[in-house]
Amino acid sequence: MFESLLHTSYFALFLIVALGFMLGRIQIKGLSLDVSAVIFIALLFGHFGVLIPKELGNFGLVLFIFTIGIQAGPGFFDSFKSNGKTLIILALLIVGSASLTGIIFKYVLDIDTASIVGLIAGALTSTPGLAVAIDTTQSSAASIAYGIAYPFGVIGVILFIKLLPKALRKNMATESRLLEDSRKSKYPSLHAVTFRITNANIFNKTLAQLQIRNMTGAVISRIRHNDITSVPTGTTLLHEGDYIKAVGNDKSLEQLELLVGERADTDLPLAGTQELQSLLLTNKEVINKSLGYLNLQGNFGCTVTRVRRSGIDLPAEPDLVLKFGDKLLVAGEKDNLAELGRLFGNDEKKLSDTDFFPIAMGIILGVLFGKLNISFSDSFSFSPGLTGGILMVALILSAIGKTGPIIWSMSGSANQLLRQLGLLLFLAEVGTSAGVNLVSTFQESGWTLFLVGMAITVVSMIMAMTFGYFIFKINILDLLGAIAGGMTSTPGLAAADSMSDSSAPSIAYATVYPIAMVFLILFIQFIAKLVI
């Protein structure tokens, strides 16, 4: 009976997933395989003749790649605009050196191309890379090689990150303090301060005349005149002895102090009809509109003091473009806030709801784009393929954010669920397919592949360390995060985070990871198509 159930695809699938999660949660000195353990269970099942239908694997692959692209898109394009260009170069160095090392060993040891791209994906612990390797080579050798190289890819990154500060004789606490001090001016936090109007030059002038936000960068959220506290508008006059409450960073508040007078150690509670509310942006019609365009103070008599996005407080500047899921801290009359809440949507349920139309349409566009054949010459043409097409379309759509009524994004929980589901289906199918030839492949060249995978992992990290530390002079915390991101290693990031209280490794990881993932996918495609 049990044997017949094993040949029932849905029973075998969930049994592989369950056993994979049990194996993935086993920790040895803080190390675990996590979800990647599913492929090892699937390899074992495949060796004993259990197979998962390829259609299920393709369905999982499509879901996994699309949700990865939707999540990585904004960070991918923003990283080119930010000051993280050095980190992007590091990502290219890591992926490029891994690919070059793999190609060299391919010719020296006469390893087939499918195994080499699988080794590169495994050495860099990249499941999207494995997906592309299998899609472009159509060979189970890629998944076998991935399974051989992956364990050292996980352990090697963690050990390298743990040992690097000691090898470079760096004190992590000291480096963390120095880095946070240097970044304070670049990423200043926002504060609320009360001022008393004592500068005669601004007496009896309106806020619109003074252009305080443009001159200082601070936002005035409240004003007290004759013991009455209210939310100011552009026509509000400033009188001698008035109190104002402003929100801004240290520099903008210092400039405001020079303009208006002196700081006061008092608070300005709003009157009974006024409130300070946090409003959630869920209305499609408001997305991609700037605060200046909306003119909330003029239209609603409300003042936005700050905008919280992805856990970060942003100053409420007129040119700030609003995104789905932004939380706006707004001061105003209760009735006006209620009306403004209707404009913004302010519906938390929409954040958890999943609209499947953008998902389906995005995947359709990705599949169609993947079918395009781009010719560079008579002898060379390139097609993005299934994974490349879906990934590129998802990256572009998520960066655009909104097209008409369609929002090209999804909640974090929905993205995580669909990505995990897709990954599990994909790993179970490719694992069982590869497991058929696992023993014969390992007997024939297993130790060779393992050592090549180890070399790819080590060479990539040494290149990143050499250029990052000695040439680019990157702070050790940024360097650790960049190495973890370039190696697409979440366990590596966890190791870096455990060594310091600074958020620097996470920021560097978040910048490098999507870049490295895209570079790796493109490099694997080129190697699979061009290297013979």
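Start by selecting R213, G234, N295, Q297 and P318: of the 20 residues lining the second largest pocket, these lie nearest its centre. A pocket here is an open set of points on a 1 Å grid over the protein atoms alone, where a 1.4 Å probe fits and protein lies on both sides within 12 Å along at least five of seven lines; lining residues have an atom within 4 Å of a point. Before going on, note that this is a predicted model, where local features need pLDDT of at least 70 and side-chain atom pairs pLDDT 80 or more, while totals for chains, interfaces and linings use all residues. Residues are numbered from 1 along each chain as its sequence is written, and side-chain values use heavy atoms, with hydrogens and water left out.

The volume of this pocket is about 530 Å³, meaning the space filled by probe spheres set on the grid points, which are joined across faces, edges and corners. Helices (H or I, at least four residues) and strands (E, at least two) are DSSP runs, numbered from the N terminus.

Next, click on T303, in strand β9. Is T303 buried or exposed? It counts as buried, because its relative accessibility is 2%; buried means under 20% relative accessible area, exposed over 50% and partly exposed in between (1.4 Å probe, protein chains only). Show the side chains and you'll find T303 making a polar contact with the side chain of Q297 at 3.2 Å. That term covers a pair of N or O atoms within 3.5 Å; within protein, one must be able to donate a hydrogen and the other to accept it, and residues adjacent in sequence count only if both atoms are side-chain atoms.

Slide along to Q211, in the loop between α10 and α11. Q211 isn't a glycine, yet its phi is positive, about 50°. Most residues other than glycine have a negative phi. At 39% relative accessibility, Q211 is partly exposed.

For another positive phi, pick D110: about 55°, and again not a glycine. You'll find D110 in the loop between α5 (85-109) and α6 (113-123), and it counts as exposed because its relative accessible area is 69%.

Last stop: V393, in helix α18 (residues 385-400). With 11% relative accessibility, V393 is buried.
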